[in-house]
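Thanks for making the time this morning. I would like to take you through one model, and I will give the cut-offs for each term as we reach it.

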Amino acid sequence: CLFIKRDGDKWTIMLLYVDDFIVFTNDKPGSADLLLQLNKHFKTTDSGGLKHFLNISVTRNSGGRYVDLCQEQSILELGRDFNLHTTTMRRVRSPIGKERYSKDQGGKASNASDEIMTQIIEFEFRSPMGRVGYFVSCTRPDVLYAFKILAQFLNDPGMPHIHAVMRVIRYLVGTANQPLRLHAPASAQDLLAYVGDSDDANNEDHRRSLATVFGYIGVFDPERPMSMGCWYWKNFWTPWVTSSSCESEMHPAALATKHAMYIRPLLSEIGFAQQNPTPVIADSRSTIIISKSDHPGRHKGTKHVERRLFVTQQAQLAGIINMIHCSSEDNPADLGSTFKSIANFETLRTMVMGHEFKQEPMSIAFIDDDTDRSADGNTSQGQLDAKNKYGKRYNGDVTGDGAEGDSPRDRSGKEEADDE
């Protein structure tokens with residue numbers, strides 16, 4: 001819930017989630033009075049300046065004019081549960097590669113043997129996926145595409161899907177200390193910008209398109225990727241198989257428009273009215289041409305397009321949004337819709353996460369809190385627990401992906417050969 005209190009040019013905003021809340025204000029006496037009034041009805045504790053909220057660390061840099069949001073400890077806890085050590089596991093540069101995954105690879109769909117089915121059941125696919133989903137929803141939009149693809153197989157995962165989710169976890173653990181960086185906008189009058197894209201029917205199971213929208217603080221500028229802040233992200237399957245790439249691209253444009261129409265009044269209410277149309281960026285020229293026209297009937301071949309997708313056209317004419325073209329290479333929404341190459345992924349990740357990732361060495365002291373060792377002195381208690389839980393498939397496998405052919409000690413310092 002969001003509560004707003006205004007008194008002239010003074011304002012107090014309270015964001016409430018269950019029994020935790022954050023107070024933003026430019027009126028310190030007023031906020032102190034608010035806490036006093038709340039204490040009359042509820043037991044509240046003032047924790048001082050915002051540093052953590054819902055297991056998300058918050059670091060403010062006034063000089064750099066940005067805020068970092070990070071879930072490092074929670075991600076490392078996930079790695080510890082799957083026995084992933086940052087110094088010995090095989091690092092990956094992306095959460096997913098060019099592999100194709102389908103429902104036919106599921107354990108039941110592929111008539112897997114009893115031994116394989118036992119391993120699939122013991123892995124408990126839903127549990128790690130749920131934890132990864134929490135990171136995706138809070139601070140890790142760079143894993144949005146991989147999570148969406150793998151979430152299709154919750155009811156019948158197979159060994160390829162288990163390999164894939166372990167790759168996602170390895171990627172998260174290897175980049176656990178990399179935050180989502182929100183840069184301050186240059187002007188309070190231009191606080192919103194949206195970028196959308198679609199993969200156009202690449203899914204082999206149902207051929208629906210995967211559309212993605214990213215929302216930015218301030219003006220979207222691909223030439224200055226580390227000056228933006230991505231605060232909203234969503235990808236979704238189109239409800240039906242689209243008949244053209246133009247129709248596929250209209251889905252994210254329509255969602256971005258609806259979101260802008262929802263957020264603009266809220267910004268106005270809290271004192272940040274947007275005087276200019278909100279930019280909605282797409283790499284489809286046909287979608288932009290149609291959206292900037294007076295009527296879709298002026299363009300041949302648009303009769304098959306669902307009429308509700310033309311909300312962008314009405315918002316364009318009303319001056320609420322402004323459709324703008326960008327090249328496919330500069331479209332960060334690709335990050336949620338497809339995977340092209342490692343280089344492309346890292347470029348778009350910088351645009352979305354607000355900074356360039358640095359592969360810095362990390363301490364592993366918090367990975368294995370239990371210091372008990374096995375008789376050979378090389379296997380930690382965490383590894384033994386993982387072995388007991390997942391069986392011989394994970395016997396001695398520090399990476400947790402079931403790879404065979406080299407020992408944990410041989411993998412130390414190596415990076416996985418990623419898919420290009």
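I will begin with the conventions and the overall picture, then turn to a helix contact, the aromatic rings and a few loop residues.

What you see is a predicted model, in which local features need pLDDT of at least 70 and side-chain atom pairs count only at pLDDT 80 or more, while totals for chains, interfaces and linings use all residues. Residues are numbered from 1 along each chain as its sequence is written, and side-chain values use heavy atoms, with hydrogens and water left out.

The chain holds 12 helices and 12 strands, where helices (H or I, at least four residues) and strands (E, at least two) are DSSP runs numbered from the N terminus. Of its 420 residues, 50% count as buried; buried here means under 20% relative accessible area, exposed means over 50%, and partly exposed lies in between, with a 1.4 Å probe and protein chains only. If we take the contacts in the chain with a separation of 6 or more, residues 24 or more positions apart account for 72% of them, a contact being heavy atoms within 4.5 Å.

Let me turn to the helices. The axes of α3 (residues 114-123) and α6 (residues 159-174) come within 10 Å and cross at roughly 35°; these axes are lines fitted to C-alpha atoms, for helices over the stretch in contact, and the angles run from 0 to 180 degrees between N-to-C directions. The crossing of α3 with α6 is left-handed, a term used if the near helix is turned anticlockwise from the far one by less than a right angle, with right-handed used if clockwise. On the α3 side the contact is made by Ile 116, Gln 119, Ile 120 and Phe 123, and on the α6 side by Met 159, Ile 162, Val 165 and Met 166. By residue class, this contact of α3 with α6 has 7 nonpolar, 1 polar and no charged residues, where Ala, Val, Leu, Ile, Met, Phe, Trp, Tyr, Cys and Pro count as nonpolar, Asp, Glu, Lys and Arg as charged, and the others, Gly among them, as polar.

Just after α2, Asn 83 takes a positive phi of about 60°. Further on, in the loop between α2 and α3, we find His 85, which counts as buried because its relative accessibility is 9%. The C-alpha atoms of His 85 and Val 173 are 8.3 Å apart, although 88 residues separate them along the chain.

Now the aromatic rings. How many aromatic pairs does a search of the whole structure find? The search finds 7, with rings of Phe, Tyr and Trp (its six-membered ring) pairing if their centres lie within 6.5 Å, and with planes under 30 degrees apart counted as stacked, over 60 as edge-to-face and the rest as tilted. Trp 231 and Tyr 232 have ring centres 6.0 Å apart and planes at 50°, so this pair is tilted. Trp 231 is partly exposed at 32% relative accessibility, whereas Tyr 232 is buried at 14%. Phe 339 and Phe 345 also form a tilted pair, at 6.4 Å centre to centre and 45° between the planes. Phe 339 is buried at 10%, as is Phe 345 at 5%, and together with Tyr 171 they form one aromatic cluster.

Two rings carry a charge over them, meaning that NZ of Lys or CZ of Arg is within 6 Å of the ring centre and within 35 degrees of the ring normal. The charged end of Arg 181 sits over the ring of Tyr 66, 4.0 Å from its centre, and that of Arg 349 sits over the ring of Phe 357, 4.0 Å from its centre.

I will finish with loop residues. Leu 54, in the loop between β4 (52-53) and β5 (56-61), has a positive phi near 55° and is partly exposed at 30%. Arg 65, in the loop between β5 and β6 (66-70), has a positive phi near 60° and is partly exposed at 47%.
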